[in-house]
Amino acid sequence: MNAYLNFQKHLANELLAIQSAGLYKEERWIVSPQSVKIRLQSGQEVLNFCANNYLGLSDDAELIDAAIQAMKDRGYGMSSVRFICGTQDLHKELEACIARFFGTEDTILYAACFDANGGVFEPLLTEEDAIISDSLNHASIIDGVRLCKAVRYRYANANMSDLETQLQAAQAQRFRLIVTDGVFSMDGNVAPVDEIYALAQKYDAMVMVDESHSAGVVGKTGRGTTELFNLRGKIEILTGTLGKAFGGAIGGFTTGKKEIVDLLRQRSRPYLFSNSLPPSVVGAAIHTFCRLEQSSELQEKLRGNAAFFVQKMQDAGFDLKPTQSAICAVMLYDAKLSQEMAAQLLSEGIYVTGFYYPVVPKDQARIRVQLSAAHEKEDLDQCVNAFVKIGKKLGVLK
């Protein structure tokens, strides 16, 4: 018998179970640039409220021009990893831009932040050491920790009492590294990095923050949690992405202490064995960081949009997770309801996505609304009005 036949039947049953539970993920096709207004394959034009396009730069004309110019000057792709023949002057310039932006000593680029998080722990820590991780950390952090032999501790989300308990237990190990998201992507809350840093000082630990959803968003000039809590340059490791606020293409980075970055260049497997970022992405990213160093206008507009939207949704009676970012989690709790509400909102011209287990805990289904500096007040009003209409229709609002 063909070995695949039984496995094929098993897979078909697994897929059927996912569909029967109302948890099957359908991908909608977009036939326009990523923007506030997008066009679907059906021809429908909708307002986009579920992209990580926090600063509205994904279709920015200046970034596109910078990407085109870099491609003309340095080519389409690198066809190599960094240490063989994949390092251009543009890569080093971008790494310096990122370090300057975050106030760190050095930076190393990756194909994605998933790779940055996947490649940071194993080269630095051994079975003699400890990693103390927030319970709601991103999947990329969880997977990265699994690749490392360090002793693992976990503390309840943003719970400093539990973190202290775990740090006390971790005194048995040689080196200790506390790891947290800067902004937790499904809830929108900011990690209390100031309190984490204080505990790290007390218990002789280092700190790593994933700034993917906080960089460009949090802090007066969008430099993330270290700016928000006046800790610039004091956190040992920051990771982040170019795929959200900084233009929305692809690419990740680790930035922090020089010796850490140096060792990652020698031993981090996703860096050593993945093609280096293409010139177009690097050139556009350099332009982005230069632009953000000159003005925080986009961050100010984003903060205004987020505050306006959250207040409107609260006034309408929706159950929202407390947020300090551009993420607004509209809690529905039921997985099928989150799918149905997202589908009906699409018919009203609002593009959002329902999130449910295993992306979020069971019975914690929600629609995650993400605000952008590119949204105008009339876009926000249209979104709130659609939520109210469908919310009343489905019994979410009374």
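**View 1. Arginines over aromatic rings.** Arg28 lies over the face of Tyr351, 4.7 Å from the ring centre; a charge sits over a ring if NZ of Lys or CZ of Arg is within 6 Å of the ring centre and within 35 degrees of the ring normal. Likewise, the charged end of Arg223 sits over the ring of Phe101, at 4.3 Å from its centre. Please keep in mind that this is a predicted model, where local features need pLDDT of at least 70, side-chain atom pairs count only at pLDDT 80 or more, and totals for chains, interfaces and linings use all residues. Residues are numbered from 1 along each chain as its sequence is written, and side-chain values use heavy atoms, leaving out hydrogens and water.

**View 2. An edge-to-face pair of neighbours.** The ring centres of Phe101 and Phe102 are 5.2 Å apart with planes at 80°, so the pair is edge-to-face (rings of Phe, Tyr and Trp, its six-membered ring, pair with centres within 6.5 Å; planes under 30 degrees apart are stacked, over 60 edge-to-face, the rest tilted). Both Phe101 and Phe102 are buried (under 20% relative accessible area, with a 1.4 Å probe and protein chains only; exposed is over 50%, partly exposed in between). Ring pairs join Phe101 and Phe102 with Phe246, Phe253 and Phe289 in a cluster.

**View 3. A ring pair across the chain.** Phe318 and Phe387 also pair edge-to-face, at 5.7 Å centre to centre and 85° between the planes. They are 69 residues apart. Phe318 is buried, with a relative accessible area of 7%, and Phe387 is buried at 0%. Phe387 also touches Met313, Val330 and Ile367, among others (contact means heavy atoms within 4.5 Å).

Definitions and conventions. Helices (H or I, at least four residues) and strands (E, at least two) are DSSP runs, numbered from the N terminus. Lists of a residue's contacts leave out its neighbours within four places in sequence.
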